[in-house]
Amino acid sequence: MKTRIDDSFAMLEARGRTGLIAYLTVGFPDVETTLRLAPAIVEAGVDMIELGVPYSDPLADGVTIQRSSQVALRNGVTLQTCLEVCGTLRKQLPLVPLLLMGYYNPILAYGIDAFAREAVARGADGVIVPDLPPEEAAPLVGASRASGLETIFLIAPTSTDRRMEAVCRVASGFVYCVSVAGTTGAREQLPPDLAIFLDRVRRHTSLPLAVGFGVSDAAHVREIGRRAEAAIFASALIDAIAKGSSGDHVERASRFVAELARGADNRVRSR
Amino acid sequence: MARSAGVSYETLPDAGGHFGEFGGKFVPETLMAALEELEQAFEDSKTDADFQRELDDLSRHYAGRPTPLYHARNLSREIGGAQIYLKREDLAHTGAHKINNALGQGLLAQRMGKRRIIAETGAGQHGVAAATVCAMLGMECIVYMGEEDMRRQAPNVFRMKLLGATIVSVASGSRTLKDAINEAIRDWVTNVATTHYLLGSAVGPHPYPLLVRDFQSVIGREARGQMLEQTGRLPDYAIACVGGGSNAIGLFSAFIDDRYVKLIGVEAGGLGLSGGRHAASLVAGSVGVLHGAKSFVLQDEAGLINETHSISAGLDYPGVGPEHSYLKASGRASYVAVEDDRAVDAFQLLCRTEGIIPALEPSHALAYVADLAPTLPSGTTLLVNLSGRGDKDVETVAKALEAKASVRTDAR
């Protein structure tokens, strides 16, 4: 069965564009703004949205997402809130893939089966859990397959070939390639050996590849487009929302995405 | 020696680092290869005679092992009832059991060719032990420590600096041990190729709970032999404080298959379990994932980790090592909580009766013993792990006593 994620990548392929996947911390700066941000950034060129579930101990995240998560937690946002936000956005954005991204403990506390069922009922297409390697993922993968939720896994530059194979065995939707060993956060440059890393990942899967961590501008997107199907950006967008000099949160986010999207057109592949 | 039938604890954890439903590896993919490398280095070291000889040699001549077992006759008389034996880890180099694990992991890092060491610390005892071993082995040492802990354990901050370590103050979250571990993990994710994370307790992703237990098991092995030598038999109880649980698992590991030796872990009850201002993960927590392992955790209904409180920085942690969760679930060990003020009373009691200033962490175990011993016949023996010395805590205790005195004055 074709999923929204499959359709989105097929459309991008047909148009010769690099996919843009944007991360929003749900409830940053507040829930009402998250609900306005999502349609606005889609309008500005975003193809898929990661709905970030705030967590008290985000150990894979840099300062930007730590702070946005703290704000969201102070606003009382929980996994339940994120599921509700997903449901509301689904009605406004019928075709845009919505991915829930968050740490494992809130999902465990919610109940894995209940989470997978509820996520699909609210219109989510996939789930990304940065602290859940394939070794521990059987319960979530099982529940997600049963409900029709894609399980998107991360591969890092430090992953051995044996690990890449193990990750790709349980991955669905696309593979999230972590550009650099480190936490999330905007960076000046992508690492010089990115192409070699992506070629290694490609040998283990036929799924689309999306590259995240550090993606901050149109040049990064253009570079990623040469070897991968999509670019994921999070901290740079949150920074733009948080501290732009003019306009409100939504205007700043839209401007940032429109600028980034200049790197997504006319995708040049080098294989 | 009567060994138990049924499950042998010696086979745990399994290959994936699971103790029953607990443990495992819940970390970002970036770290997985490093955990596999560490696991391999640890396995190789176990059969490497040179490694074992060097660790043994440093344990004796550098760290001062074996530490004594002391029959605390005055304390036993004062309390009444059972006879109390103290395993004197406070006399190990740097003043706590933490040196056992720091030496072991320091040598492992050397073996892996990693010259940059990062560590987290709560009370500062593990930070001091890590800084000490790095000074001796000539490695760079960076210690993450919560702002709040730096304030209440100031003497240890200065000790670490003297030993050449860089201290990074952590201002996020509750500004204590939990947040220091978060920051250490973020550093490790970023610098994993060159860096070994010298984790100080029996927590975290596999293989840490296993290797920390193994490096701390020297406590239990020695104490078991010393009890046999001094009393002619095994103790009736083995008792230790539990924060992350490394000193307790080190002690318990030697007695786990001796089913009639009762194992009791004492957690920090803080200001009382009812108000939520405590750190008793096993007594009052629920199953969750924190810092890479499934274990008992203090969390809310949404799965967010609670902030904790204990007068003792070393116990002020919302999680616990996965093997303790397994020992609790299987019924092999039991866990209790002791509140701040009772720990302070026990701290003073040991000072007064035996001339030993204990750390606030094991003072929790002593406070439990002060309640337990009088209920037992005088032939009963209690083995208590005195995991560290209390010089670092004198100021905290002075403040607690002042506060108590002013409450009394107000009441008059």
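In chain A of this predicted model, 74% of the contacts with a separation of 6 or more are made by residues 24 or more positions apart, a contact being heavy atoms within 4.5 Å. The secondary structure of chain A comprises 12 helices and eight strands; helices (H or I, at least four residues) and strands (E, at least two) are DSSP runs, numbered from the N terminus.

The dimensions of chain A may be considered next. Its C-alpha trace spans about 45 × 45 × 35 Å along the principal axes. A compact globule of 271 residues would have a radius of gyration near 18 Å, so the 17 Å of chain A agrees with that expectation; the radius is taken over C-alpha atoms, and the globule rule is 2.2 Å times the number of residues to the power 0.38. Of these 271 residues, 63% are buried, that is, under 20% relative accessible area with a 1.4 Å probe and protein chains only. The accessible surface of chain A is about 10,200 Å², with 52% belonging to carbon and sulfur atoms; such areas come from the Shrake-Rupley method with a 1.4 Å probe, and for residues only the protein chains shown count as cover.

Chain B has 15 helices and 14 strands. Its C-alpha trace extends about 60 × 55 × 45 Å along the principal axes. For 412 residues a compact globule would have a radius of gyration near 22 Å, and the 20 Å of chain B therefore agrees. Buried residues amount to 64% of the 412 in chain B. In chain B, residues 24 or more positions apart provide 75% of the contacts with a separation of 6 or more. Carbon and sulfur atoms hold 51% of the accessible surface of chain B, which totals about 14,100 Å².

There remains the interface between the two chains. The size of an interface is often given as the accessible area lost when the parts come together. Between chain A and chain B about 2,600 Å² is buried, 55% of it from carbon and sulfur atoms; this buried area is the accessible area (1.4 Å probe) that two parts lose on being put together, summed over both. A:Asp57, A:Leu59 and A:Glu136 supply 24% of the area that chain A buries against chain B, more than any other three residues. In terms of contacts, 37 residues of chain A meet 31 residues of chain B.

Residues are numbered from 1 along each chain as its sequence is written, chains are lettered from A and ligands numbered from 1 in the order in which they are written, and side-chain values use heavy atoms, with hydrogens and water left out. In this predicted model, local features need pLDDT of at least 70 and side-chain atom pairs count only at pLDDT 80 or more, whereas totals for chains, interfaces and linings use all residues.

Methods
Buried means under 20% relative accessible area, exposed over 50%, partly exposed in between (1.4 Å probe, protein chains only).
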